[in-house]
Amino acid sequence: MINDLNILAVIPARGGSKGIPLKNLKKVGGVPIVELASQVASSVEFLDRIVVSTDNEEIAKAAINGGADAQFRRPEVLSGDRISDLQVLTHALKEMERQDKKKYDVVVMLQPTSPLRTKQHIVDSLE
């Protein structure tokens, strides 16, 4: 929490990718990129909840290994090539508000495909 705002971090990581199959499990420095996103997010004390939005069990496991939660699976209707980030984030927000029985004021999207992101990048953005 920062400035009394509840902050939800969402790591969108579907299993299907036409360009690079299972790209969110590709490794940088020996670690799957979805796990790296989870690790960096877990180091930010301002984040009240970190979840992965995925339709794939292996991606969910890698995210959990990095410190994120995998409280739900993304429905197939939200797993296609033409689904917007807004649709994915809205689904994750509504699902986590339902499960956590609280409202989140801020949603932070952390794409696994930005593996060089640091804790400081996230902190600076939130501040």
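Helices (H or I, at least four residues) and strands (E, at least two) are DSSP runs, numbered from the N terminus. I use those names throughout.

**Ground rules**

I am working on a predicted model, where local features need pLDDT of at least 70, side-chain atom pairs count only at pLDDT 80 or more, and totals for chains, interfaces and linings use all residues. Residues are numbered from 1 along each chain as its sequence is written, and side-chain values use heavy atoms, with hydrogens and water left out.

**Entry: Thr 54**

I began with Thr 54, which sits in the loop between β4 and α2. Is Thr 54 buried or exposed? Its relative accessible area is 0%, and Thr 54 is therefore buried; the term buried stands for under 20% relative accessible area, exposed for over 50%, and partly exposed for what lies in between (1.4 Å probe, protein chains only).

I then listed its contacts, meaning heavy atoms within 4.5 Å. Leaving out residues up to four places away in sequence, Thr 54 touches Ala 13, Arg 14, Gly 15, Ile 59, Ala 60, Phe 72, Arg 73 and Arg 74.

**Entry: salt bridges**

How many salt bridges does the structure hold? I found 7, a salt bridge being a side-chain nitrogen of Lys or Arg within 4 Å of a carboxyl oxygen of Asp or Glu. Side chains of opposite charge can pair when their charged atoms come close.

I looked up the pair Asp 100 and Arg 49, whose side chains meet in a salt bridge at 2.5 Å, N to O. Asp 100 belongs to helix α3 (residues 85-100) and Arg 49 to strand β4 (residues 49-53), so this pair ties together parts that are 51 residues apart in sequence. Asp 100 is partly exposed at 22% relative accessibility, whereas Arg 49 is buried at 16%.

I looked next at Glu 57 and Arg 73, which form a salt bridge of 2.7 Å, N to O. Glu 57 is in helix α2 (residues 57-66) and Arg 73 is in the loop between α2 and α3, so the pair ties together parts that are 16 residues apart in sequence. Glu 57 is partly exposed, with 45% relative accessibility, and Arg 73 is partly exposed, with 32%.

A further salt bridge joins the side chains of Lys 103 and Glu 97 at 3.6 Å, N to O. Lys 103 is exposed at 58%, but Glu 97 is buried at 15%.

**Entry: Arg 49 again**

I went back to Arg 49 for its surroundings. Salt bridges link Arg 49, Asp 69 and Asp 100 in a network. With residues up to four places away in sequence not counted, Arg 49 touches Ile 7, Leu 8, Ala 9, Asp 69, Gln 71, Met 96, Asp 100 and Tyr 104.

**Entry: pocket and cavity**

A cavity is a set of points where a 1.4 Å probe fits but cannot get out; a pocket is an open set with protein on both sides within 12 Å along at least five of seven lines; lining residues have an atom within 4 Å of a point. Grid points are joined across faces, edges and corners, and a volume is the space filled by probe spheres set on the points.

The largest pocket has a volume of about 280 Å³. Its lining has 18 residues, and those closest to its centre are Pro 12, Arg 14, Arg 74, Asp 85 and Gln 111.

The search of the whole structure gave 1 cavity of 30 Å³ or more. The largest cavity holds about 30 Å³ of space, and its lining consists of Ile 33, Leu 36, Ala 37, Val 40, Pro 112, Ser 114, Pro 115 and Arg 117.

**Entry: positive phi**

Most residues other than glycine have a negative phi. I noted Leu 22, with a positive phi near 50 degrees, in the loop between β1 (7-12) and β2 (27-28). Leu 22 is partly exposed at 36% relative accessibility.

Lys 101 also has a positive phi, near 55 degrees. I placed Lys 101 in the loop between α3 and β5 (106-109), where its relative accessible area of 73% counts as exposed.
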